[in-house]
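User: I would like to learn how to read a ligand shell and a chain interface. Please take one feature at a time.

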Amino acid sequence: MELMLQQFINAVSLGSIYALVALGVAIVFSILRLANFAHGELMTVAGYTLYATLLAGVHWFLAALAAIAASVIAALLLERLAYRRLRSANPLTLLITSFAVSVALQSLFLLFFGARPKGIELPAFVDAGFRIGQLRVQWLDVFIIVITGLIVLSLHLFLKKTVIGLALRSAADDFRTTRLMGIKANAVVVGAFMLSGALAGIAALFYFATVPNVVPSSGFEPMLKGFIACVIGGLGSLPAAVVGGFLLAFLEVGSDAILSNSLSPYLDAIVFGIAIILLRWRPGGLFGVRMTEDLRV
Amino acid sequence: MSSLGNQKDSSASPANPAADVILRATGLAVAYGAVEAVRNLDLEVAAGEIVVLLGANGAGKSSMLNAIVGLSPRVGGSITFEGHDITRKSTEMIVRSGISLVPEGRRLFSNMTVRENLRLGGAALRPAEFEREFERLHDLFPILRKRADSQAGLLSGGEQQQVAIARALVGRPRLLLLDEPSLGLAPIIVNRVFEIIEELRRRKVTILLVEQNAERALKIADRGYVMSNGVVEAAGRAADLQASAIENAYLGTAGA
Amino acid sequence: MAMSQKWWLRALIGSAQILVLVSLLVAAVSLLGSSTDQRILTVFLINLIAAIGLQIYTGTSGIISFGHVGFMALGAYGSALFTADPAIKAMGIPNAPDFILTSAMGFLPAMLIGVGVAAMVAAVIGRVFVRLGGSAAAVATLGFMVMVFTVLSNAEEWTRGAKAFSGIPAYTTMGWCMGAFAVILVIARLLRESDTGLGLRSSRDDAIAAQASGVDVVNSRYVMWVASAACSAVAGALYAHYIGAILPKAFHFELTFLVVTMVIVGGQSITGAIVGTLLITILAEALRRLENGFSLGSFSLSEAPGLTTAVLALLIVFTLTMRPQGLVGRWELDDLTARWLAKRRPAANGTALPFEKDRERNPAA
Ligand SMILES: Nc1ncnc2c1ncn2[C@@H]1O[C@H](COP(=O)(O)OP(=O)(O)OP(=O)(O)O)[C@@H](O)[C@H]1O
Ligand SMILES: [Mg+2]
């Protein structure tokens, strides 16, 4: 029973991270039809910032803010320097470009920071926890789950209640008509990248709190998980991204619990395998969102 | 090529030359790659007028409206609105300067509510201002009160058209462009749409209307232009255009 | 005359023209080039096979795959495991099953085993993957690549895990490369010109219209998918027997990027894949030399890693901004020669050129 509960908390905590990554990916995708593979590198940027600031003795709270800010700035730079000129390019070109951007950034990290892992000096409270009976709960997990819940809730309200939020939704539906409402195309795109960058930054904080070292390719794995979460949920829909993130985490933790020790190294392969079977069953993802590829800017 | 009217001849064109022309397109040209949709087109709309733009399918009417708001690729000519050159402005700036387009096919944001659609139409308004405008539209569009929180995509075609017009009106535009508002609607609903246009006319909204339903459109319009193959075939007062123009140009039997 | 050409004849003529050009290149480098040049040429040919392998799928379906490096890995490990000296295997992977430990096959049968494994895996997962398009396909195939990587890095009994598996006999000669290239080139062109390939290519622009006119998009894609996986595996096997030591990391992100780039930068045809590969190989080599040049004075091995890739990636973004259709678009070499011939001989005027339909995008046509 305790073990079950323990696994459940693990899954929700992991699912929170995946959901945040998936949301960040989905926001940009829904508006620009751009699968931004460099989303992982936004997380890596946050990771290196966290490493550098904590090393310099900055208070953890400020370091966390700096990390998020770094992701947001990186996201905005990406939009301005790489993606803006390609807004009307065909989907395949966009896809390859974002892949190339991801590769280029990884190479740059390698150039600046080297291949060796940089250990992040986490504050002590990350390991702290409390007990309920036999069950030991880490404060970190509680923190991750609560913050993610708050973020998802406020994102929901933002998209429902503010004009910018409504514009983000309408642009995902029909960009041309959104401009007819007098809403600036650039503002929408920049807004989407800012949100995406902020989500990448926060997801990175949680990710690096559980895996406390950063290498040039750190962002690849969470990025891929986030994308797979989006695809099994239904690429382009935000609720689907959140559901996909949690589903993926439950698959992962569940398989890990069931699998024998000799198989657990293959966890990722097995989870992806299950995801593929899910796609066999529903090629459009669980929510099977309708996509209008032609309505980009 | 028949030239029943000549829009360059100012005596034949604006209904009242004294009234201030708020929209003026001069030598406008639109091309999609090699396809020339609009060629050397001159058009004027004066404040308070209803001007109708007629023409067969593919004549270039939608291209013309879209060109005014900067959505179709303009390759020549210029457009001024209230004396300001808007030729090179972006769509969003043109809309903000007071022109609103109800696009062909309505194009509501179908998975958002009616209210949310209207909120976007009045994106530049402050919340309190928006509420006031929203209320103000209720008597003209009762549907807004009844279905405010319904998903726009679930409304009937006629209801959607009303929401689309309302959405264009919330921002209090000084010029309304309507692209085939009666398209695909049942006759009884078409009546409703024309009623709305007439009501707007009473409220002194300036309208540039594209319609397939030439007869009805000419009845409510002050002036009209008839387009064919991207050029103006005829222009003049609505009453004068009625008989001859429709036969000649609009039905596609013109020289072209 | 061009009109009456049978599809297979067209494929063969097209292949022959390309083969002549590549043979000339190989002959020139073999006679005149340094040993470094020959090394580069061999790598070029292996890349060429990998690129054509991927192009069989991408060029006909219009769908990108980031997973084909996974098939290369299967081909590489398949072939390597069955050819390596049993004495070496007894030390490196003592716990592997007997049929691997004792096997000391020749190159061809071992390569065919690798190809067979890849084709089988492709056949199983293909049913799902051919139903995905665009970004969903990109993500899922990337997931597949990571799947293969995870399995290979952890199956220590078979592969030595993340460590290098070495002692692979150096079978890959220029002759093998050319032979494999010729065979795969012909296969690729035949598939492309066949009814299946033609129908699938027409579905690139409008899948619904193609389906309405009787093209079985899903099954056509499936055929291409399996064939393209098999050809990629050949490239993998050649690579393994050329380098002599392989590790899972070699078949990961970077190689994926390289192969995909070759295909996309080149264009949508087989000729495009070749042009792309040539360009990327030359660029990569030039950048590498430049990079070495910087550190030549200190003679350090730790030259700026990653610079080549970064610059390459930026160049690709730049090329795609300029020419989104790829360098040669959807043209094949024989289209170009046929056009050229038709222009040279006015008498032949009035004869329709092959691929009239493919020309619609070309302003010159
Ligand atoms: N986005 C586009 N790309 C290419 N050609 C276009 C595009 N939009 C319109 N055209 C072409 O431009 C010409 C004019 O089209 P337009 O839509 O302006 O006509 P219309 O008068 O509004 O017709 P309808 O009554 O059918 O709405 C047509 O020949 C059309 O095919
Ligand atoms: Mg129209």
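User: Which element gives the largest share of the shell around ligand 1?

Analyst: A shell can be sorted by the secondary-structure element that each residue belongs to. In this predicted model, helix α1 (residues 61-68) of chain B gives the largest share of the shell around ligand 1, with three residues.

User: How many residues are around ligand 1, and which come nearest?

Analyst: There are 13 residues around ligand 1. G58(B), K61(B), S62(B), S63(B) and E104(B) come nearest. By class, the shell holds six polar, four nonpolar and three charged residues.

User: What lies 2.8 Å from an oxygen atom of ligand 1?

Analyst: Read such a distance together with the kind of atom on the protein side. A polar backbone atom of G58(B) lies 2.8 Å from a ligand 1 oxygen. For E104(B), an N or O atom in the side chain is 2.8 Å from an oxygen of ligand 1. A polar backbone atom of A59(B) is also listed, at 3.2 Å from a ligand oxygen.

User: How much of the accessible area of ligand 1 does the protein cover?

Analyst: On its own, ligand 1 has 630 Å² of accessible area, and the protein covers 61% of that.

User: Now the chains. Which chains share the most contacts?

Analyst: Two pairs of chains are in contact, and chains A and C share the most contacts. Chains B and C do not touch, and their nearest C-alpha atoms are 11 Å apart.

User: How is the size of an interface given?

Analyst: It is often given as the accessible area lost when the parts come together. Here, chain C and chain A bury about 3,600 Å² between them, with 84% of that area on carbon and sulfur atoms. The contact draws on 39 residues of chain A and 42 residues of chain C.

User: How many salt bridges and polar contacts are there between chain C and chain A?

Analyst: The two kinds of pair are counted separately. The salt-bridge count between chain C and chain A is zero. Three residue pairs are in polar contact, with both residues at pLDDT 80 or more.

Notes:
Residues are numbered from 1 along each chain as its sequence is written. Chains are lettered from A and ligands numbered from 1 in the order in which they are written. This is a predicted model: local features need pLDDT of at least 70, side-chain atom pairs count only at pLDDT 80 or more; totals for chains, interfaces and linings use all residues. Side-chain values use heavy atoms; hydrogens and water are left out. Contact means heavy atoms within 4.5 Å. Buried area is the accessible area (1.4 Å probe) that two parts lose on being put together, summed over both. A salt bridge is a side-chain nitrogen of Lys or Arg within 4 Å of a carboxyl oxygen of Asp or Glu. A polar contact is a pair of N or O atoms within 3.5 Å; within protein, one must be able to donate a hydrogen and the other to accept it, and residues adjacent in sequence count only if both atoms are side-chain atoms. A residue is near a molecule or strand if one of its heavy atoms lies within 4 Å of it. Accessible areas come from the Shrake-Rupley method with a 1.4 Å probe; for residues, only the protein chains shown count as cover. Helices (H or I, at least four residues) and strands (E, at least two) are DSSP runs, numbered from the N terminus. Ala, Val, Leu, Ile, Met, Phe, Trp, Tyr, Cys and Pro count as nonpolar, Asp, Glu, Lys and Arg as charged, and the others, Gly among them, as polar.
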